[in-house]
Amino acid sequence: MASDWVAVMPVKRLTAAKSRLRGAVPAARHADLALAMVRDTATAVLAAATVTELLVVTDDQVAAAAVAALGARVVPDRPDAGLNEAMRYGADEVAGLSRYRAVLAGDLPALRPGQLDAALAAAGPGRGFVADAAGSGTVLLAAPAGEPLDPRFGLGSAAAHAASGARPLEGDWPGLRQDVDTPADLATVLALGAGEHTCALLRDLGLKVACVSAA
Ligand SMILES: Nc1nc2c(ncn2[C@@H]2O[C@H](COP(=O)(O)OP(=O)(O)OP(=O)(O)O)[C@@H](O)[C@H]2O)c(=O)[nH]1
Ligand SMILES: C=C(OP(=O)(O)O)C(=O)O
């Protein structure tokens, strides 16, 4: 079982990111919310025992500075061709095929390091993926050394990853599975418990939210 994963996280320009989430918080705080979720996701990833490096693929200078301050390595989104190309570039070209790589989105504010460790421990010799809470999307795709990532994120990606030969990783990982795409997802996170940055922002807006430490 590998214990030296490179985690790869693509981050879109914050002003354009999370369009389906618009309206969940006042417009003036929308980019702040996207950034808070990126910071909480990165904090949890960096605290995972099985992750030796977090590689963030982004052209957003604010997000880049924030995750670099947390300890991530940042590279520009050289392909500039969407989510899958950013993931493939980070995992296969920058990290390289000789390493174990896992890609995950930057919108997992309820992620706990132990849940990521458990999911990576469940990854076998081939590619594996973790479906989102709804079961149709993907929150994590892992590739062992020697295998191209071959990401198929987008609508119906869980089925697409399974069809491409990736194995669904099963476990009780609610924080890992809860990506935040819509205001309803954010409401779920309020109950599940968010990381400190998302929590602070939501509390500042007067919302009642459970806050959970990074442990
Ligand atoms: N580097 C990079 N990251 C991306 C790109 N598209 C999406 N992402 C990131 O990939 C992750 C998952 O993306 P989505 O959930 O589809 O997020 P989104 O595109 O911001 O959301 P919507 O506008 O609501 O579709 C988030 O961390 C995004 O910031 C891209 O073209 N380049
Ligand atoms: C990109 C995906 O989803 P979303 O944009 O809904 O986070 C996905 O689940 O593959």
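## Sheet

Two strands are said to pair if DSSP finds at least two bridges between them, and the strands themselves (E, at least two residues), like the helices (H or I, at least four residues), are DSSP runs numbered from the N terminus. This is a predicted model, in which local features need pLDDT of at least 70 and side-chain atom pairs count only at pLDDT 80 or more, while totals for chains, interfaces and linings use all residues. Residues are numbered from 1 along each chain as its sequence is written, and chains are lettered from A and ligands numbered from 1 in the order in which they are written.

In this model, 7 strands form an open sheet of mixed pairing, in the order 3-2-1-4-6-5-7. Strand 3 (73-75) and strand 7 (167-168) each have a single partner strand, so one side of each is left without a neighbour in the sheet. Strand 1 (residues 5-11) pairs with strand 4 (residues 101-104) in the parallel sense over 3 bridges, and Ala7 stands opposite Ala102 in strand 4.

## Helix 7

Helix 7 (residues 183-192) has Asp185, Leu186 and Val189 as its buried residues, where buried means 20 or more other C-beta atoms within 10 Å of the residue's own, exposed means 12 or fewer, and partly exposed lies in between, with C-beta atoms placed from the backbone.

The face turned away from the buried side of helix 7 carries the exposed residues Ala184 and Ala191. Gly193, with a positive phi near 110°, follows helix 7.
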